[in-house]
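Dear colleague,

Please find the structure below, handed over for your work.

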Amino acid sequence: MDIGDHPRTSTFLLSFHTSTPFHSNNILHPLIHDANGTNPHQPKKIMTEPTPSLPASMQALRITSFGAPYTQTSIPVPSPSTLRPHDLLVKVAVASHCHTDTIIRLGAVPSIPLPLTGSHEGSGTVVAVGSSVAADGSFKPGDRVMCGIPLGLCGSCVDCTAAGGGEHYKHYCAHIDGHIGIQVDGVFAEYAVVDSRTSTVIPEGVSLLAAAPLGCAGRTAWRAVKEAGLQPGQW
């Protein structure tokens with residue numbers, strides 16, 4: 001699959017040629033989990049071992065050489081046992097292609113490690129959570145999420161804490177692992193690891209398809225509105 005020439009924000013259902021095809025029922029019926037999902041009153045569990053439903057490998061679109069098309073390849077599925085306290089393992093449903101993805105693929109940003117799974121705009125369903133997430137109940141398996149872009153916040157620097165703005169500036173963390181699809185593997189894959197502290201539960205009425213590009217393009221526009229202090233009816 002070559003998506004190198006897609007326009008700035010092309011959103012598409014993630015579908016690979018594999019022996020276990022991806023099913024897009026969750027996109028067509030975004031509330032299907034409400035009918036058949038887990039009981040919200042059950043105790044939260046820390047998932048430390050791979051579940052039988054997780055395959056050993058998955059398909060991904062990766063940058064293997066700057067300036068070349070993405071390469072579809074098979075890579076291991078991240079194991080729930082390797083999740084850090086704030087991590088989420090997400091079964092990706094939708095991934096978007098942003099202009100930034102083209103910049104990264106062309107090698108215009110220095111110090112990008114290869115191979116790299118592309119895309120920083122994604123949505124999907126949580127399949128496993130880290131220990132801190134399980135303890136605070138902020139996310140649970142079955143939740144539909146808009147994937148956060150910053151991964152591995154330190155949680156203690158000035159940008160991560162109240163002294164530097166906390167919730168509003170943590171994406172500037174100087175000690176971050178990286179941004180998905182840019183310095184660390186992104187969501188052009190069947191499964192992805194994202195940070196719960198930068199991810200968002202998708203509310204009812206918002207589809208997985210609509211939510212994916214909001215992780216970057218939507219948040220960028222919304223941040224401008226918030227910083228400007230605009231009120232309803234103002235321009």
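Helices and strands are here DSSP runs, of at least four residues (H or I) for a helix and at least two (E) for a strand, and they are numbered from the N terminus. Under this scheme, Ser-111 falls in the loop between α3 and β5. Please note that the model is predicted.

The chain holds 6 helices and 11 strands. It has 235 residues, of which 42% count as buried. Of the contacts between residues at least 6 apart in sequence, 77% join residues at least 24 apart.

Backbone geometry

Ser-111 has a positive phi, near 65°, and is exposed at 74% relative accessible area. The loop between α3 (99–105) and β5 (116–117) also contains Pro-115, which is joined to Leu-114 by a cis peptide bond with omega of about -5°. Ser-119, in the loop between β5 and β6 (121–129), likewise has a positive phi, near 80°; Ser-119 is buried, with a relative accessible area of 0%. For context, most residues other than glycine have a negative phi, and most peptide bonds are trans.

Cysteines

The count of disulfides is 0. For Cys-154, the nearest cysteine sulfur is that of Cys-173, 3.7 Å away. Cys-154 is partly exposed, at 31% relative accessible area. Cys-160 counts as buried, at 16% relative accessibility.

With kind regards

Note on methods: Residues numbered from 1 in each chain as written. Predicted model: local features only at pLDDT ≥ 70, side-chain atom pairs only at ≥ 80, totals over all residues. Heavy atoms only, no water. Disulfide = S-S within 2.5 Å. Buried < 20%, exposed > 50% of the residue type's maximum accessible area, 1.4 Å probe, protein only. Contact = heavy atoms within 4.5 Å.
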